[in-house]
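Dear colleague,

Please find below the structure that I am handing over to you. My notes on what was found in it follow directly after.

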Amino acid sequence: MPDWVPDSDWQSFVEMRRTIRKPMTPRAKQLALKKLGDLRTDGHSPEAVLQQSVLNCWQDLFPPKPPPKPARTEVRVGL
């Protein structure tokens, strides 16, 4: 396991995959680590990537979604 992979987040991802009945084969783990490394190279935090997938029960890894934009408020000026 590369030292840049947060162990607890990786274990949570693997456990979540088991829970949703999509356990990872050894080859799937290799491919997921490669994808996580590619996302890291693109500037994404491995921790954020893994946590997003666990939170949403996603069986794959994706770049973190940007935070939502604040709601636009309309200011009315009385005439």
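**Findings**

W10 is buried, with a relative accessible area of 4%. Please bear in mind throughout that the model is predicted.

I begin with the aromatic side chains, where the count comes to two aromatic pairs. One of them joins W10 and F13: the ring centres are 6.0 Å apart and the planes stand at 45 degrees, so this pair is classed as tilted. That angle falls between the limits of under 30 degrees for stacked and over 60 for edge-to-face. W10 and F13 both belong to helix α1, which covers residues 7-19, and because they are three residues apart there, about one helical turn separates them. F13 is buried as well, at 1% relative accessibility.

The rings of W58 and F62 also pair, with centres 5.4 Å apart and planes at 90 degrees, so their arrangement is edge-to-face. W58 is partly exposed, at 24% relative accessibility, and F62 is likewise partly exposed, with a relative accessible area of 36%. F62 has a further neighbour: K35 lies over the face of the F62 ring, 5.3 Å from its centre.

**Helix packing**

Two packed helices are described by the angle between their axes and by the distance between those axes. I give both for each of the two pairs below.

Helix α1 and helix α3 (residues 46-56) have axes that come within 9 Å and cross at roughly 25 degrees. Angles under 35 degrees count as roughly parallel, and α1 and α3 are therefore roughly parallel to each other. The crossing in which α1 passes α3 is left-handed. On the α1 side the contact is made by D9, W10, S12, F13 and M16, and on the α3 side by E47, L50, Q51, S53 and V54.

**Backbone and individual residues**

Which residues have a positive phi although they are not glycine? R21 is one of them, with a phi of about 60 degrees. R21 is found in the loop between α1 and α2 and is exposed, at 74% relative accessibility. C57 is another, with phi near 55 degrees. C57 lies in the segment after α3 and counts as partly exposed, at 44% relative accessibility.

N56 lies in helix α3, and its relative accessibility of 37% makes N56 partly exposed. How far apart are N56 and L31 in sequence and in space? They are separated by 25 residues along the sequence, and their C-alpha atoms are 20 Å apart.

Yours sincerely

Methods
Residues numbered from 1 in each chain as written. Predicted model: local features only at pLDDT ≥ 70, side-chain atom pairs only at ≥ 80, totals over all residues. Heavy atoms only, no water. Phe/Tyr/Trp six-rings, centres within 6.5 Å; stacked < 30°, edge-to-face > 60°. Helix = DSSP H or I, 4+ residues; strand = E, 2+ residues; numbered from the N terminus. Buried < 20%, exposed > 50% of the residue type's maximum accessible area, 1.4 Å probe, protein only. Lys NZ or Arg CZ within 6 Å of the ring centre and 35° of its normal. Axes fitted to C-alpha atoms, helices over the stretch in contact; angles between N-to-C directions. Parallel < 35°, antiparallel > 145°, perpendicular 65-115°, else oblique. Left-handed = near helix turned anticlockwise from the far one by under 90°. Contact = heavy atoms within 4.5 Å.
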